[in-house]
Amino acid sequence: MKGKLLLILLFILLVLFWVFKKEFLLSSKMVLTWNSQTKTFLLSKDKNLSKPPKNNDFKDYILKNGEFKITQSGNILWESSDDWYVTGFSFSDVTNDGLPEVSLSVWKKGNFGVDKPFWVKENDQSERNHFFVFQFEDKTMKPIWQSSNLEAPNCEFVVVDLDNDNKNELVTVEGEYTSGRICQGKYLAVWKWNGWGFSNEWRSEKGNFGNLTVKEIDGRRLVGVTVH
Ligand SMILES: [Ca+2]
Ligand SMILES: [Ca+2]
């Protein structure tokens with residue numbers, strides 16, 4: 001009887017392993033860091049990134065079902081447009097001028113941001129991902145920079161000074177448009193504000209990336225990412 005139970009248990013374990021083998025064998029936590037000697041960004045095995053990042057800045061910002069709101073003491077100061085679907089935000093100095101901006105990852109129809117240039121007659125009406133940067137002042141959102149349709153959608157992003165030069169980088173997980181808003185990360189990339197837009201500093205090999213986190217270890221900031 002005992003032998004039979006053991007066999008059944010072994011069978012269940014084998015089935016579980018077969019079902020989750022991809023996770024068992026391939027999933028790993030990695031960290032993106034700056035190597036100051038080789039002057040390159042480096043993606044390596046995670047050692048100590050189990051805790052989620054602590055970020056108290058976000059307490060007055062609500063992102064739910066694609067709607068983004070800025071609130072103060074329960075009052076809504078600003079909310080995103082009905083025809084946007086917001087999938088990510090950051091309140092941080094992404095332009096490196098000492099003042100924080102509100103950065104948003106927005107899905108919307110139409111190739112341009114809030115304003116279409118007057119010389120453009122046709123506006124692409126397919127839903128695409130955009131990156132918008134605003135300055136929030138006196139209950140208004142002043143546009144600082146707005147992308148047209150991004151070539152590859154951002155599934156996730158964080159703003160962090162990775163290479164300790166006191167200037168923030170924009171770290172993105174980039175996907176493809178084939179799965180729409182259900183973004184599946186294919187590349188990890190590092191961008192930097194150049195005064196008039198973002199320049200690409202680094203991009204990973206193609207893979208499956210997700211779950212971006214920021215953590216500080218020994219005074220150094222790292223970006224954690226799950227790689228399949
Ligand atoms: Ca700024
Ligand atoms: Ca930096």
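**Strands, sheet and core**

Me: Which residue in β12 is the bridge partner of E174?
Reply: Strands here are DSSP runs of E with at least two residues, and helices are runs of H or I with at least four, both numbered from the N terminus. Strand β11 (residues 169-174) joins β12 antiparallel through five bridges; two strands count as paired if DSSP finds at least two bridges between them. The partner of E174 in β12 is Y187.

Me: Good start! Which pLDDT do local features need in this model?
Reply: Residues are numbered from 1 along each chain as its sequence is written, while chains are lettered from A and ligands numbered from 1 in the order in which they are written. This is a predicted model, in which totals for chains, interfaces and linings use all residues, side-chain atom pairs count only at pLDDT 80 or more, and local features need pLDDT of at least 70.

Me: Which residue takes a positive phi in the hairpin of β12 and β13?
Reply: β12 pairs with β13 (residues 198-203) in the antiparallel sense over five bridges, and K192 stands opposite S199. Four residues lie between the two strands of the hairpin. The one with a positive phi, near 105°, is G195.

Me: Which strands stand at the edges of the open sheet?
Reply: The sheet has four strands in the order β6-β7-β8-β9, with antiparallel pairing. Each edge strand has a single partner, so one side of it is left without a neighbour in the sheet. These are β6 (85-92) and β9 (140-146).

Me: And which residue in β9 is the bridge partner of E137?
Reply: β8 (residues 127-137) and β9 run antiparallel and are joined by six bridges. The partner of E137 in β9 is T140.

Me: Now the core: which residues of the largest one touch the most other members?
Reply: A nonpolar core is a set of buried Ala, Val, Leu, Ile, Met, Phe, Trp, Tyr and Cys residues joined through C-beta atoms within 7 Å. The largest has 35 residues. Those touching the most other members are L32, L162, V171 and V223.

Note on methods
Buried ≥ 20, exposed ≤ 12 C-beta atoms within 10 Å, placed from the backbone.
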